[in-house]
Amino acid sequence: MLSDRFHSIQDGRVHISAAQASLFAKEVAGDFNPIHDPDARRFCVPGDLLFAVIVSRFGLSRHMTFKFRALLGGGVPLEFMENGDETIEVCDQNGKVYIEVTRSGEITRDKRVVEEFIRCYVAASGKNFPHTLKPLMESKDVMFNPDRPMVMYASMSLTLDRLDAASPELELHNAVLEANGKRGNVTLEYRLISDGKPVGEVAKHLVLGGLRPYCPDAMAGVLEEFYRLKARGSRYGVDTVES
């Protein structure tokens, strides 16, 4: 999954260009948030891609928490600093921290296990919008700015009962939106399923920016643009993980 199409290594540091990050967002995550377009004024690298790089490099632990401290632009040389066995920091050459990871418990670096978990995690993220967020916003009578939709990661955590689950899938079982002025805090809780049985839990916390009263016409425009971009991606050979 993490070939040089999505990142590169230069002088021991990880580089993710805007083009690579955008390709990952569209091709792997099915994420057409304009903030991941290479020419976006406030472009940022998808949190899912950073998550995938970290787990690919350091393995999958039974307990992990990822806190997203700052938005990452394209082409920033990244250093991955292990502080003992329990903490990993992703930072730039000036020491600015973008992600802080805490971990504990048994760890696996089995390539198949790690890649299958990454794929099921990213596939679930691909359903955030519109499948989960649209009805959630509608139920609270709020929505993000239709001209500049802002949906960003705050944190995610996982607890795994086992590390050898075959063909895992994430099943959403709870979604909550708390609106506070122009900011919305979303909590998504998943069960990790393997062979029809729960084998772990994952929780994600997202931030919505620029909240305003829900407008069906404006949301219809957002959806039209989303599916237009998705169709254009398919025409150019971008096959997303969620149809």
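Let's start with one pair of residues in this predicted model: Ser61 has Ile107, in strand β6, as its bridge partner. Strands of a sheet pair through backbone hydrogen bonds, in either a parallel or an antiparallel way.

Strand β3 has another partner too. Strand β8 (residues 150–160) runs antiparallel to β3, and 5 bridges hold the two together. To find your place there, look for Thr65, which stands opposite Ser157 in β8.

Now zoom out to the whole sheet. It is open and has 8 strands, and walking across it you meet β4-β5-β6-β3-β8-β11-β10-β9, with antiparallel pairing. At the edges sit β4 (79–83) and β9 (169–180), each of which pairs on one side only. On average, neighbouring strands are turned by 20° against each other, ignoring direction.

Over among β11 and β10, have a look at how those two strands meet. Strand β10 (residues 183–194) and strand β11 (residues 197–209) share 11 bridges, again in the antiparallel sense. Here Ser194 stands opposite Lys197 in β11.

What about the helices? Helix α3 (residues 111–125) lies across β3, β6, β8, β9, β10 and β11, and runs at about 140° to β8. Helix α4 (residues 128–140) packs on the sheet as well, where it touches β8, β9, β10 and β11.

Key
Residues are numbered from 1 along each chain as its sequence is written. This is a predicted model: local features need pLDDT of at least 70, side-chain atom pairs count only at pLDDT 80 or more; totals for chains, interfaces and linings use all residues. Side-chain values use heavy atoms; hydrogens and water are left out. Two strands pair if DSSP finds at least two bridges between them. Helices (H or I, at least four residues) and strands (E, at least two) are DSSP runs, numbered from the N terminus. Axes are lines fitted to C-alpha atoms, for helices over the stretch in contact, and angles run from 0 to 180 degrees between N-to-C directions. Contact means heavy atoms within 4.5 Å.
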